[in-house]
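Trainee: I am new to this structure, and I would like to go through it slowly with you. Could we begin once it is in view?

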Amino acid sequence: MSKIAHPGPILVFEGLPAERAVEEFASRFVRQEILRRFHKQIRDGMDDRKREFVALLTRNERRLYGYILSLVPDWNNADEILQETNIRLWEEFGRFEQGTDFHAWALRVAYYQVLTWRKNRSRQKLIYDESLLEEIRATQDEMNDLLETRRDALRRCLEQINPESRRLLAQYYGEGLRINEIAASMNRSVQAVYKAVQRIRSSLHGCIERRLRHAE
Amino acid sequence: MNSPHWLLIHKLVSMSLDDELSEAGSRQLSELLCKDPQARCTYVVYLQETAELRWLSSGLSTGEREPRRQAGVIRDLRNQAATLPFSSLRENWLVAGACVTCIVALCMLMVGYFLSNKRDKPDFAGPTHPLQVPDKVVGEPEATPPSSMPVATLTRLTNVIWTQGQPAPNELSRLRVGDTIAFDSGELEIVFDRGVEFLARGKCRFRIESPLHLVGGLGTFSAKVGESGRGFRIDTPTSSIVDRGTEFGVSIDAQGQTDVVCFQGVVELSYGPATSLSRSGVRDRLYQGEGLHIGGGGIPIRLVCTTASELPSIGSLRRNPATFSPVISDILDSLSDTASRKSYRIVHGGFADDVLAFIDRPHQWNGLDKSGVPEILSGCDYVMPFNDDKFSEEIQVEVDIARPAILYVLFSDGLDPPKWLLDQFEDTNVDIGLDEGRHKRSPTSSIGIGPGVSIDTIFSVWKREVAKPSTIVLGGIKRPENVQGYNMYGIAAKPLVR
């Protein structure tokens, strides 16, 4: 499967009403039975429960994505698992108790989606065994609060980097281009681009560490 | 949080995301995460940051937090969904985009999208298509000769103050044959297209002659050369240095005198008086750990000692050097210049887990357990001696201490302490480990990462107080009987605090 550059889970269809955006996308990428089911719900309109789900997922989807990516460090696969997880969360939302920890519940669902995905992909190159997956999952759980603090710090630190570096990050992480593709587009050597990305990440990491230390 | 594994994790994960990770790399990553809880923490943090960068990157390419293109969709979405309890109003555009995603995700799957072989570039990536080759390289001087060939990329600038009247290229700008780089202070890093990492520091002036050739007039330079960069050459007023794999450092002063150190591998060297260099330079070789000072007359003498801060290697820069006045200022030994060209390395304030112990071995110092190097040694100045000096039983090593200090000798528990150690030092009862890497006498040894991993030999930490700036003389090691392998001692020091 060739790597596909795409913006990840965030999709925007400029100028289209949301329903039309749904149809436009559905016409291209559809699991028909799911589409029929959810189209009915869209036509029925968004009730409070759906709004609540959208709000909860919006608040937690980024952390969920990071969680999945740590278990499956591959853009395409992580995106796919996130979509499956979102679907599963919606399908199971009726069983979610209001007021309980949505994030913890979502992580559990995501974890089992990862396990399901693994069963169909045993010949993939990077497959952590289940005991390691469990260790990573446990580490994530222990670091939950710290990770949220670090995310805030990262956003602050990003404001300090120069426009060229931001463009490079956008190409590599936002558009999913490979290093050699970016190098070709910038007329730079692969090693130069790799070093530049490493430098930017190292700089961001150092900035985050300093912010956390000052906050202590 | 200390992150000794950060660089390795960045490398392996980047390769995985690029679909370039080999089976061996996969195993390496899995094993690292299995064995080391700290590595797992670093890994989790790294992946979360990566995910966050991906999430945020859609707005980064335009430099805007709320791309105008999304306004219409956001408006429609908000009208349909009425009021939603967003957690943060600062990222409205992102939250709104995520809401659209949620609606789409509720309705359909992207399975068919992932099976597509086509790459779709979303319009909101920015007004300029990301694959469009820029018309003008950022920072490119206006008067570039049309025949000059781009051969390198300037990848980092740190506090550079450019020399007046000289070009001031930006980060990520291309450098070409014929370019002259001159700056009065700071540090810059260049990556040559042929795989050479090059660092210039301090007051510098140099010119790019070809894809693998520089002429240096002044400054401190380090070069790390990959396979495709073999033959990388730096000319100075009194010498010509050619790398034959892999890393060396050069320092040129205002009089054209040159210091050369081979950090790793081999370099070929020509030297002679500046006026005759091009005609008949003397050919020589420097091996790992060896250094020469070449004076204005082209006569070389042994470069006994260098400091990592004055003549850094590329690898040493991955640690943030402490900036305080040195405790260990110089090292001399009793070996004659004709008998040795070895050059000690002093690293100020850098003692930590996984630091190289010796100039001529890959061995590293490590704490015996996960708590890391002993507190008394953490952050010390330390010296990288030559492990092979263990065979010089009569050697005398003079350590210049620049201010009141505690001087430490790290001595192997497998050896009987010599008289000079027993007379001048006391055993602190603190131990440290040596992680021995592969070398000709032990071809199967391997290096671990982090404290308490792969410890091969235990050393005791001996100390003495040095009440005022002094020169302390250390002795040699008597060759043990019935012992297969043994190691030279280590040297460290920190300020004396009363």
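Mentor: Let us start with a term: a residue is buried when its relative accessible area is under 20%, exposed when that area is over 50%, and partly exposed in between, with a 1.4 Å probe and protein chains only. This is a predicted model, in which local features need pLDDT of at least 70 and side-chain atom pairs count only at pLDDT 80 or more, while totals for chains, interfaces and linings use all residues. Residues are numbered from 1 along each chain as its sequence is written, chains are lettered from A and ligands numbered from 1 in the order in which they are written, and side-chain values use heavy atoms, with hydrogens and water left out.

Trainee: How many helices and how many strands does chain A have?

Mentor: Helices (H or I, at least four residues) and strands (E, at least two) are DSSP runs, numbered from the N terminus. Read from that end, the elements of chain A run α-α-α-α-α-α-α-α-α-α. The count for chain A is therefore 10 helices and 0 strands.

Trainee: Which cysteines form the disulfide?

Mentor: A disulfide is a pair of cysteine sulfur atoms within 2.5 Å, and a search of the whole structure finds 1 over all chains. Its sulfur atoms are 2.1 Å apart, and the partners are Cys157(A) and Cys207(A).

Trainee: How many residues apart are Cys157(A) and Cys207(A), and which helices hold them?

Mentor: The pair links distant parts of the chain, 50 residues apart. Cys157(A) is buried at a relative accessible area of 1%, and Cys207(A) also counts as buried at 7%. Cys157(A) sits in helix H7 (residues 144-158) of chain A and Cys207(A) in helix H10 (residues 190-215) of chain A.

Trainee: Is H3(A) oblique or roughly antiparallel to H5(A)?

Mentor: Axes are lines fitted to C-alpha atoms, for helices over the stretch in contact, and angles run from 0 to 180 degrees between N-to-C directions; under 35 degrees counts as roughly parallel, over 145 as roughly antiparallel, 65 to 115 as roughly perpendicular and the rest as oblique. Helix H3 (residues 48-71) of chain A and helix H5 (residues 102-119) of chain A pack at about 45°, with axes 9 Å apart. That angle makes H3(A), relative to H5(A), oblique.

Trainee: How is H3(A) oriented relative to H6(A)?

Mentor: The axes of H3(A) and helix H6 (residues 130-142) of chain A come within 10 Å and cross at roughly 150°. The orientation of H3(A) to H6(A) is thus roughly antiparallel.

Trainee: Where is Leu172(B) found?

Mentor: Leu172(B) has a positive phi of about 70° although it is not a glycine. At 7% relative accessibility, Leu172(B) counts as buried. Leu172(B) is found in chain B, in the loop between strand S1 (150-162) and strand S2 (174-176).
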